[in-house]
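Welcome! Take a moment to look over the sequence and the fold, and then we can walk through a pocket and a sheet together.

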Amino acid sequence: MYDLLEKLADGQTYSFENLTALLGCNANELLAQIQQLQQQGIHIDTTLGEVKLLPQTALLNPEKLRDTLPNQVFYRPIIHSTNQFLLENIKRLNKGDICTAESQTAGRGRRGRQWISPFASQLMFSFIWQVDARKPIDGLSSVVAMAINHALIKLGGSDIMLKWPNDILLKGRKLAGILIEIAHTENGQLNLVVGIGLNVDIPKDNQQIDQSWANLTEILPKIDRTSLLIALIQQIYQELETFERVGINAEFQQKWQEVDAYFGETVNIITEKQVISGTEQGIDEHGYLKLLTNSGELLTFNGGEVSLRRK
């Protein structure tokens, strides 16, 4: 089925005869594969005995990405996981190299969750980043989230807030998520793979996503995903370089507070052993969440160990 989708991703029109020969299947098997993809919300036109993919948004333009961005860009119409691709090839890649795709078959979210990726309706990409292994990276994912917020505002977006540690929300619904994985340490450098998934124009009838979600087209209806990716990469890299120099300083903490969707609200912090209630107080110099408990105690929490929920 995914071989069929990858073949159609070139945007060309194919006859049934050509596709059955290319894929090594018969007409009934081909039709069954087309129907499976259609059931997943992928638009495929089969009129007049021909087959053509009708993507939800215009396909990414890898040539423009490679011409504009200074790093290597790997483009795959269909991939198991952009993060996994970089992890598997990291020995031959450099800081800032990027992998992007129209759809993932095994995308991962934070805390082991599956990341659903309907074809050509999201922006999905991962990149390699290297930091001094002697320096802490606490708060790095929040820096990436803030950079995405800044890039979207520059593009004309509004009503975009952040949920600690790294969710991007549009009018209270999830717009984008971030997954950071540690690859290895070499020559004093910690190698990270940063993966980002952003909803651009997911069909409204999609039943696969089990939480409240938003599309970027709600506020930027004419957004081009290729230009969006370029803007995000440039902003993220700029702010990560600042983070390497100054960390989570007072200025960043203040900026976070201004877009913190839960600041000042009563929330629950869910750990493996208990649920702690209190008032959310933003983040500290490590990027840790600050919680003022009902007893007046100020606690801090690392993003890797807890979940934040509105009470």
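How do the residues of the lining of the second largest pocket divide into nonpolar, polar and charged? There are nine nonpolar, eight polar and three charged residues in that lining, where Ala, Val, Leu, Ile, Met, Phe, Trp, Tyr, Cys and Pro count as nonpolar, Asp, Glu, Lys and Arg as charged, and the others, Gly among them, as polar.

## About the model

This is a predicted model, in which local features need pLDDT of at least 70, side-chain atom pairs count only at pLDDT 80 or more, and totals for chains, interfaces and linings use all residues. Residues are numbered from 1 along each chain as its sequence is written, and side-chain values use heavy atoms, leaving out hydrogens and water.

## The pocket

The second largest pocket holds about 490 Å³ of space. Of its 20 lining residues, Ser141, Ile180, Asn302, Gly303 and Gly304 are the closest to its centre. A pocket is an open set of points on a 1 Å grid where a 1.4 Å probe fits, with protein on both sides within 12 Å along at least five of seven lines; lining residues have an atom within 4 Å of a point. The volume is the space filled by probe spheres set on the points, which are joined across faces, edges and corners.

Helix 6 (140-154) and strand 9 (173-186) each supply at least two lining residues, and strand 9 gives the most, with four. Helices (H or I, at least four residues) and strands (E, at least two) are DSSP runs, numbered from the N terminus.

Seven strands form an open sheet in the order 4-5-6-10-9-8-7, with mixed pairing (two strands pair if DSSP finds at least two bridges between them). At the edges are strand 4 (73-79) and strand 7 (160-163), each pairing on one side only.
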